[in-house]
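Hi there,

Here is the structure I promised to pass on to you. Please have a look at it first, and then read my notes below.

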Amino acid sequence: MAVIASAPGKVLMTGGYLVLERPNAGIVLSTNARFYAILKPLYDQLESDTEWMDLKVNSPQMSRETTYKMSLKDFRLECSSESRNPFVEYAVQYSIAAAYATLDKNKKNELHKVLLRGMEITILGCNDFYSYRNQIEGRGLPLTPESLASLPPFTSITFNAEESNVKSCKPEVAKTGLGSSAAMTTAVVAALLNYLGVVDLSHGSLNQKSEHLDFVHMIAQTAHCIAQGKVGSGFDVSSAVYGSHRYVRFSPNVISSAQETVSTTPLEEVIGEVLRGKWDHERTKFSLPPLMNLILGEPGSGGSSTPSMVGAVKKWQKSDPQKSQETWNKLSEANSALEAQLNLLSKLAADQWDSYKAVIDSCSRFKSEKWIEKFCEASHLEIVKALLGARDVMLSIRCHMRQMGEAAGIPIEPESQTQLLDVTMNTEGVLLAGVPGAGGFDAVFAVTLSDSSTNLTKVWNLHNVLALLVREDPSGVSLETDDPRAK
């Protein structure tokens, strides 16, 4: 019986860099771009060898198939293949170790039998995670969402052309910055833990489901951090598990202690400790106010490398603690203010829907400087002022992010992105725009009012920016009934 799990990609709307340190918050939106893990047994019968499990990992989009043998004594993986995927490897090892660490003796015997049938895992990422600009241009199609929509789902992936000697460089996939490794790790962990009977995400009470999600979260965070070789903030895995929310990170030592002991202690014990650890991350409900849409645009530059940008910011913090702290405080205040304005708009929508809808529909047809003059009723003006308040705060967030980039010597909002974002924010019906997460040359995001996204798509097209098909979808990890390729 196949188990299919999927987990969403993300956009970090506020909290870039700051979210690395408690107690700073970030607002993370999950999207309709999903990563799928399809898991089924390799064999109908048990294999007789009792010490090793066969594992096959398929990635059809990259035309890769990797085979492993896994020791059921210490969960060691042996692989003869060149193309390995550390995120999937750690997800498999840690999920199986978690099953051994938590199931009772009877269930462990069952588990052993299940594992001896081997496992085949197929991983598939929605097209939205990857850049298909080159393919679209190669086919002579216009840079529009319609061209993107004409590509078959789970299209094979283009590789970033390496400037230097091609032979010595492993090709890198061109990505759009939606957190593919976190979504992939989460989907694999969720599929495995379900398959092995450790969690059940298909039904159950809300309380039970929430406990099961917490379990998936702990294993996915640990696997993802150890595969990356560092303990990041974890917002990307958190949104892959729970969907859109306001996030404050966990204390890093809950995972870094596992990093230190993993080479000397049996994995089952290490994972047991992780599951018993003090996970102190905070999650508060958040999603965009009604009639607002998230839209992403991809400039033709192939994504930035987040770890090196984070390293540069940390270096700057050490070299100029006073100035960097001032910038962080201002950014933190501005991030909180944007969250407050958006929550206020959600409340206004709930309390006075007709006025709210009228204002949003009207503003969606004009540039922001014209919004205020369209209304004279007090209830309408209150809503317009909240919209303009959110815009102003976004401008100040962008300003502080640019200052931080200049001080740290990295392109958080590079000049080309600044020009693009200014044009974007000056388009009819656009509430705000920014560079998500750590910034750089990744896709930019905008929030548009009502059905004004088509205005922006046209404007972006004139600036050689491809509007992606991604939208906000507040749901997190889930089980699927059908193979996504069958749709």
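**What I found**

Let me begin with valine 477, which touches Ser6, Ala7, Pro8, Arg34, Thr186, Ala190, Leu201, Leu213, Ala240 and Val241, leaving aside residues up to four places away in sequence. Please keep in mind that this is a predicted model. Valine 477 sits in the loop between strand 14 and strand 15 (478–480). With a relative accessible area of 9%, valine 477 is buried, because buried means under 20%. Alanine 258 lies 219 residues from valine 477 in sequence, and the two are 25 Å apart in space, C-alpha to C-alpha.

Now for the chain as a whole. The protein chain has 15 helices and 15 strands. Its radius of gyration is 23 Å, close to the 23 Å that the globule rule gives for 487 residues, so the protein chain is as compact as a globular protein of that length. Along the principal axes, the C-alpha atoms fill a box of roughly 80 × 50 × 50 Å. Of the 487 residues, 55% are buried. Among contacts between residues at least 6 apart in sequence, 74% join residues at least 24 apart.

Next, a pair of helices. The axes of helix 1 (residues 86–102) and helix 9 (residues 267–276) come within 8 Å and cross at roughly 80 degrees. That angle makes helix 1 roughly perpendicular to helix 9, because 65 to 115 degrees counts as such. On the helix 1 side, the residues that meet helix 9 are Gln93, Tyr94, Ala97, Ala98, Tyr100, Ala101 and Thr102. Their partners in helix 9 are Leu267, Glu268, Ile271, Gly272 and Leu275. By class, this contact of helix 1 with helix 9 has 8 nonpolar, 3 polar and 1 charged residues.

Helix 14 (residues 415–425) is worth a look too. Its buried residues are Gln417, Thr418, Leu420, Leu421, Thr424 and Met425. They cover an arc of only 165 degrees around the axis, which puts them on the same side of helix 14. In an α-helix there are 3.6 residues a turn, so residues three or four places apart point the same way. The buried residues of helix 14 pack against several elements, among them strand 11 (292–299), helix 13 (378–408) and helix 15 (453–462).

Helix 13 also holds histidine 380. Histidine 380 counts as buried, at 15% relative accessibility. Not counting residues up to four places away in sequence, histidine 380 touches Ser355, Ala358, Val359 and Phe375.

Best wishes

How values were computed. Residues numbered from 1 in each chain as written. Predicted model: local features only at pLDDT ≥ 70, side-chain atom pairs only at ≥ 80, totals over all residues. Heavy atoms only, no water. Axes fitted to C-alpha atoms, helices over the stretch in contact; angles between N-to-C directions. Helix = DSSP H or I, 4+ residues; strand = E, 2+ residues; numbered from the N terminus. Parallel < 35°, antiparallel > 145°, perpendicular 65-115°, else oblique. Contact = heavy atoms within 4.5 Å. Nonpolar A, V, L, I, M, F, W, Y, C, P; charged D, E, K, R; others polar. Buried < 20%, exposed > 50% of the residue type's maximum accessible area, 1.4 Å probe, protein only. Arc of directions from axis to C-beta. Rg over C-alpha atoms; globule rule 2.2 N^0.38 Å.
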